[in-house]
Amino acid sequence: MLFKIAWRNIWRNRTRSLVVIASVAVGLFAGMFMMAFFAGMAKQEIDSTVETQLSHLQFHNPLFIDDKDVNYPIYKGPAIIDRLKKDNNVKAVSGRIITTGMISSSSTASGVEIHGIVPADEKAVSSISQDMVEGAYFTGAKKNEIVIGKKLSEKLGVKLHNKIVLTFQSKTGDLTAGSFRIAGIFRSRNSSFDETTVFTRFDDLAGILGTGNDIHEIAVILKDGQKVEQVTKMYQKEYPSLLVQTWKELSPQMALLTGIMDQVMYIVIGIILLALMFGIINTMLMAVLERQREFGMLMAIGMDKPRVFFMILLESVMLTCAGIPAGILFTIITVGSLSRHGIDMSAFSQALSQFGFSNIIYPDLQRSTFLPVTLMTAFTAVLSAIYPAIKALRFKPAEAIHKI
Amino acid sequence: MSKIIESHNLSKVYNPDTIPVCAVDGVNLAVDEGEFTALVGPSGSGKTTLLNLIGGLDYPTGGEVKIDGVDITHISENKLIDFRLRNIGFVFQAYNLIPVLTASENVEFVMLLQKKSKREREQRAEELLIEVGLKDKLNKRPSELSGGQQQRVAVARALASKPRFILADEPTANLDSKSTENLLEIMAKLNKEDKMTFIFSTHDQRVIDKARRVVTLVDGKIVSDTKQ
């Protein structure tokens, strides 16, 4: 009968109950939306970084990784590439030569990392070819073509087809330079990457560096990104003299980002639920104070305090139980739609771009988020009812009965 | 007749630390089983306070109350709730039914607290409501009943727990003449036939006329105690 009383009680003031139900639904939606938003943001950032810079895993000479000295190539690099291409787990492989140097226009110069790539292979491991805003990604047959980022082009004050000069140290340690013509300009989601990375053909760069067939970096994209740890471990065993690293190891800040995102997400959800808690406390307190005489009567005729406490908690739980499905449904509809169409964050494009985030965020609603957010919301609602319930227990029957 | 209620030098002072108000002042009262007693007196004379103290709804500041020999002034609040549930029936001036329950469910509720079986609850609730003349109102909620009918449900509820006595605080104050007459008949019948002890506070002369014992309070003190 307590369930019956609690259920009927919540419908005594329909508007107030609907406000609480709506609060729970909105709180749940807000929590889920934030989780989906941050998860989408992090996923896009990881995907973007994996696609443009890191790939799933990379091979290096351990000595190369510290100061990018061209004298530390991957031993038997071309053979390893052939081996990787035969692996069923591997979707694409690209061998690169990498050096650091200066890029100069007629007006200014800037420090850059120069990637010598085989365009056909690189296209399969990197999305830069799809980020071209001017020109093309090494389609011509001309020698010494270069593809640079939009931000770098603006910094150097150069345009498509302009000539620039790359200056770097050759394999023999001599300072050497090459003149390159801008064949294409790209704009990725990460403006700092665009400003500091340039691409040339493998043979053009190797010719000036004098590195022959040396390869400094092998980038690998797997068919299933979830297997990255497993595949990396396998190749670490197979090539113990090489440094085989996952994208998480290559970019610890990226792994950290996902961790921080999780923390930020829970803090934001905590704040939302805290606001929800005060809303429910307020409403439940009103409901309890309004029924002071009734609680006085219940205690007078013999309803003990645990039962009174339980009944108020039950009312809160019932309101929550009504709000949770509504919140989940609303979340599925709205976040489901937003995850397809994206949320346009163009107003913050500059700031987002600096951190490598896209202008359009696609919330990523994962099934695993439903349970924790639902439990957190339910816990909040129950917690919110405790104070009003304690308040009710403090009523003195003799006084409460005569309250109007 | 055995004594159900005994109070010795019973006092209740409100606001003892600020502006003390002595609502009940050294009351000695004994009520025998089967009595039909009215507490009368002007407003502020301490009738309701005395009923609250006898009913264990409040603790006195002095003296003691014994129900069937059990001193209820020195037992814990939780034990007192249970004591009330098993020994005392209440009828309030403003009916105080649970608005979301039907008449039958209101009567059953007390038995639910006593952990009686569903069958027993339903059967007794029906019997009691028939006894107070509400056979056709079993499934009506309080909002669908008149004041008199609600008070009759309250009487049935008070009887449901098979209490040792019933305390009624101004039970007819909100009722019209006909409803008052009706309620008094029911209470008198229960007293006569079932030997149910009633103690009620009242201003109403018709109620006073029905009482077999009239205790008059003035300024928290008993100034007369007559049997009629």
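Asp194(B) sits in the loop between helix 6 (177-193) and strand 8 (197-202) of chain B. The model is predicted. Asp194(B) has a relative accessible area of 45%, so the residue counts as partly exposed. Asp194(B) belongs to a negative surface patch. Which element of chain B gives the patch its largest share? Helix 4 (residues 118-131) does, with 3 residues.

**Loops of chain B**

Asp68(B) is one of them, with phi near 50°. Lys115(B) has a phi of about 65°. Most residues other than glycine have a negative phi. Asp68(B) lies in the loop between strand 4 (62-67) and strand 5 (70-71). Lys115(B) is in the loop between helix 3 (103-113) and helix 4. Is Lys115(B) buried or exposed? Its relative accessibility is 69%, so Lys115(B) counts as exposed. Asp68(B) is at 35% and therefore counts as partly exposed.

Lys162(B) is a further loop residue. It lies between helix 5 (147-160) and strand 7 (165-169) of chain B. At 51% relative accessibility, Lys162(B) counts as exposed, because the cut-off for that class is over 50%. How far is Lys162(B) from Glu33(B) in sequence and in space? The two are 129 residues apart in sequence. Their C-alpha atoms are 14 Å apart.

**Aromatic pairs**

Over all chains, the count is 17 aromatic pairs. One of them joins Phe3(A) and Phe310(A). Phe310(A) has a relative accessible area of 37%, so Phe310(A) is partly exposed.

Phe59(A) and Tyr235(A) make another pair. Why is this pair called edge-to-face? The planes are at 65°, and the edge-to-face class takes angles over 60 degrees, so the pair falls in that class. The centres are 5.6 Å apart. Phe59(A) is in strand 1 (residues 57-60) of chain A, and Tyr235(A) is in helix 9 (residues 228-238), so the pair ties together parts 176 residues apart in sequence. Phe59(A) has 0% relative accessibility and therefore counts as buried. Tyr235(A) is also at 0%, so Tyr235(A) is buried too.

Ring pairs also build a cluster in chain A. Its members are Phe29(A), Phe33(A), Phe37(A), Phe38(A) and Phe330(A).

**A nonpolar patch on chain A**

Leu256(A), Ile260(A) and Val264(A) make a nonpolar surface patch. Its area is about 240 Å². Ile260(A) is located in helix 11 (residues 252-290) of chain A. With 41% relative accessibility, Ile260(A) counts as partly exposed.

**Accessibility side by side**

| Residue | Relative accessibility | Class |
|---|---|---|
| Asp194(B) | 45% | partly exposed |
| Asp68(B) | 35% | partly exposed |
| Lys115(B) | 69% | exposed |
| Lys162(B) | 51% | exposed |
| Phe310(A) | 37% | partly exposed |
| Ile260(A) | 41% | partly exposed |
| Phe59(A) | 0% | buried |
| Tyr235(A) | 0% | buried |

Technical notes:
Residues are numbered from 1 along each chain as its sequence is written. Chains are lettered from A and ligands numbered from 1 in the order in which they are written. This is a predicted model: local features need pLDDT of at least 70, side-chain atom pairs count only at pLDDT 80 or more; totals for chains, interfaces and linings use all residues. Side-chain values use heavy atoms; hydrogens and water are left out. Patches are made of residues with over 30% relative accessible area and no salt bridge: like charges are joined within 9 Å, nonpolar side chains (Val, Leu, Ile, Met, Phe, Trp, Tyr) within 5 Å. Accessible areas come from the Shrake-Rupley method with a 1.4 Å probe; for residues, only the protein chains shown count as cover. A salt bridge is a side-chain nitrogen of Lys or Arg within 4 Å of a carboxyl oxygen of Asp or Glu. Lys and Arg count as positive and Asp and Glu as negative; His and the chain ends are not counted. The place of a charge is taken as NZ of Lys, CZ of Arg, CG of Asp or CD of Glu. Helices (H or I, at least four residues) and strands (E, at least two) are DSSP runs, numbered from the N terminus. Buried means under 20% relative accessible area, exposed over 50%, partly exposed in between (1.4 Å probe, protein chains only). Rings of Phe, Tyr and Trp (its six-membered ring) pair if their centres lie within 6.5 Å; planes under 30 degrees apart count as stacked, over 60 as edge-to-face and the rest as tilted.
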